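Please consult the sequence and the structure shown below while reading.

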Amino acid sequence: MVMADREMHDDTVLDEETGGKRRYGDREDEVDLHRPRRNHDGDEEAQLLGDGDPDQLELGELLPVTDAGRRQQQPRALAAGGLGLARSRAARPRLLSFLYGPAVPKAYTIRPILPAVQASPVRLLDKVLPKRWQKLMVLVLGVVLWTAVFSSLLRRGKGAVTDAAGKTVVHMDCVDTFWRRNNECGLNGVDCEPFTNETITFRCPANCAGVRVLNPRHVGRAQVNYQPLVVGGPVYRGDSFICGAAIHAGIIDDATGGCGSVSLVGQYYSFYSSERNGIESIGFDSYFPLSFRFTKAECGESPSAGRDPRRVLLAVSLFSTVLFSVLTTSPSVFFFINFISIFAHVALVSDPPNVSGPSDTILPSLISTFAGRLLPSLFCAAIIYQTCAKPTLSNLAPSVQLEKTILWLGGFWFGALSNYTLDWIPLSRLTAHDLAQQPGARAALAVIIIILALIISLQTYHFWCAGLVPRYLGCYLLLVLFLLVMAVLPGLELRIHHYILALFLLPLSSIQTRPSMLYQGILLGLLVNGVARWGFDSILQTHSALQGDALLDSIIPVTYPPAIYLDNPGSPPSQPWAISFMWAPPPPPANQSSSSSSLDGISVLINDVERYRGFYNDYHLTGEKMEFSWTRDSKADIAMTTPEYFRFAYVTKEGKALDYSEAGTWFANGTYSQGEGYWK
């Protein structure tokens, strides 16, 4: 008996400070199980001890201890480890030791404001539904209810609708037109027929008034950029945005979209500029072969059918995510349900991909695209949660519920709705071409870089205090090296999409402070907005893919002063007037830029319609005389009152036009001007 007592005494050690017993062989993380807890008064923003696994918390589950009990001092074992860390630091070089931060790193936690008020929703839920299975049932029912309401409203706004005659309504996107840019409609517009005698009942989404062209478009003598492409009114030129023109005409409302009827009326001239319903249309003082006008029309049986429900759906999604946020304490459930809900809202409602066609095909197309982008996004979300969101959201007390909702969830929504919240920033794409041509883009980028530098500096300081700089510094050095390698690959250009920028910066938010919660929410929103709208676009793109419909900076044909043939200047002529152009041969291949490597022919636009396309290998261009003639019907009233605008461009063998020249004007009185100083 005496020996047994001695053996038991040898197997245990009495903690002199706490009176707790520790058995030999216990792990360090089990020491507290044998030692009574010590409570400390006073809350600190930065604490030295984290808590248990946050994923054990379920919907509405309250913590077993008070907030003061959560902020306990670390065990003596950690203090001893800190002493050993201090000894090891002394052996390192001074710079490396500095990067590891203070000898005793900080573990950040949030000190709640009005903790009783913030914890009241969870406590109320815990009183009403004390069982875990009850809370789980409420969670499932809430998700099902949100899905049912969301689907019903979405189907009303983007589902199949018919007009009064029973025909399927055509869904238009904000950038749809009847006429395409440059020579894409073919010679004399043959690929964009019919020009007249056709009526279409259409449906437009909301928020089309702010949609602008992002690269120059020709309208007579002018080049239009960074404004809505709406020409004329109430009769509109054929290349106008249909939905923007319908808003300008008052047929549909910009806030809700809706249905209308558009009729093609063929050739029209003198399109007057006017400002109506928040859109200033563009004037054009000549003729165009295709034009259209609107009449009011309804879709379906009720006046509200066919209207875009995005505002109502935003209210539904906001309410459901906010309610869910204040009632759950599990970071994993909180993160993934909000991620999926907001991703669905962006992909299907607030910023869906461009889709056009019969209305019965629109919703299936959107759902197909959404499903294809959601699965890889969830894989990224799982990694982001483990590496970034879990450290930020872990061990949050119920007394931080409202702050979590305002900062993290509010930031998430702000970033996800960036097509509204950040649309005022004059910055479309981070390319040298766009930065050069968009007014205010360079200044806006400079301000953004300064703000990001300040935020990154503050976040780096917090990481230094937490002793996390070496761990993340190595990752970012590898990332910078990767980007440098990508930037020098031949034939490709580095493209930093905003979803990629969000992925790069998210690790800097993986610390539990109020600014980190806000930054992490905004970055996640930008990630969701980019992927749900555009997909995982490549970080490397070819020059042509990156350029899109922008100017090519190509060689422009050099024309000589035209020859003008008038029957009797100063009096009404009896024969048609004619103007004839000749141009210099193209430069040799050695003097051509890469964008002009294939100069196979000439294209001529008259009033922004291709009226001539000739190739050098054709029989009529093989001689020394390279000439294009255009006649004007002098007997028509239009010939005596309107000018005509001429542009010239080289074309490739496929018929694609390169950059067109500035417009030359053949005035109604028969004189011609290519612009001051052109032939000097």
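Ser661 lies in the loop between β24 (644-651) and β25 (664-666); helices (H or I, at least four residues) and strands (E, at least two) are DSSP runs, numbered from the N terminus. The model is predicted, with local features needing pLDDT of at least 70 and side-chain atom pairs counting only at pLDDT 80 or more, while totals for chains, interfaces and linings use all residues. Residues are numbered from 1 along each chain as its sequence is written, and side-chain values use heavy atoms, with hydrogens and water left out.

With a relative accessibility of 6%, Ser661 counts as buried; buried means under 20% relative accessible area, exposed over 50%, and partly exposed in between (1.4 Å probe, protein chains only). Not counting residues up to four places away in sequence, Ser661 touches Ile556, Arg647, Phe648 and Gln674, where contact means heavy atoms within 4.5 Å.

Val531 belongs to helix α17 (residues 514-534) and is likewise buried, at 2% relative accessible area. Leaving aside neighbours within four places in sequence, Val531 is in contact with Phe343, Arg373, Ser377, Tyr499 and Phe536.

Helix α7 (residues 242-249) is largely enclosed by the rest of the structure, because 7 of its 8 residues are buried. The buried residues are Ile242, Cys243, Gly244, Ala245, Ala246, Ile247 and His248. Their cover includes β6 (196-204), β9 (236-237), β12 (275-276), β13 (279-280) and β15 (291-296). After α7 comes Gly250, which has a positive phi near 80 degrees.

Two helix pairs are set out in the table. Axes are lines fitted to C-alpha atoms, for helices over the stretch in contact, and angles run from 0 to 180 degrees between N-to-C directions.

| Helix pair | Axis separation | Angle |
|---|---|---|
| α6 (residues 132-158) and α10 (residues 362-393) | 9 Å | about 130 degrees |
| α5 and α11 (residues 401-416) | within 7 Å | roughly 95 degrees |

The angle makes α6 oblique to α10. Angles under 35 degrees count as roughly parallel, over 145 as roughly antiparallel, 65 to 115 as roughly perpendicular and the rest as oblique. Leu154, Arg155 and Lys158 of α6 meet Ile362, Leu363 and Leu366 of α10.

By contrast, α5 and α11 are roughly perpendicular to each other. Their contact involves Val117, Gln118 and Val122 of α5 together with Gln401, Leu402 and Glu403 of α11.

Val117 and Leu402 also contribute to a nonpolar surface patch of about 490 Å², along with Ile113, Leu114 and Ile406. A salt bridge is a side-chain nitrogen of Lys or Arg within 4 Å of a carboxyl oxygen of Asp or Glu. Leu114 sits in the loop between β4 (107-108) and α5 (115-128) and is exposed, with a relative accessible area of 57%.

The chain contains 18 helices and 26 strands. Of its 680 residues, 46% count as buried. Among contacts with a separation of 6 or more, 74% are between residues 24 or more positions apart. The chain exposes about 34,300 Å², of which carbon and sulfur atoms supply 61%; accessible areas come from the Shrake-Rupley method with a 1.4 Å probe, and for residues only the protein chains shown count as cover.

Conventions: Patch = residues over 30% accessible without salt bridge, like charges linked within 9 Å, V, L, I, M, F, W, Y side chains within 5 Å.
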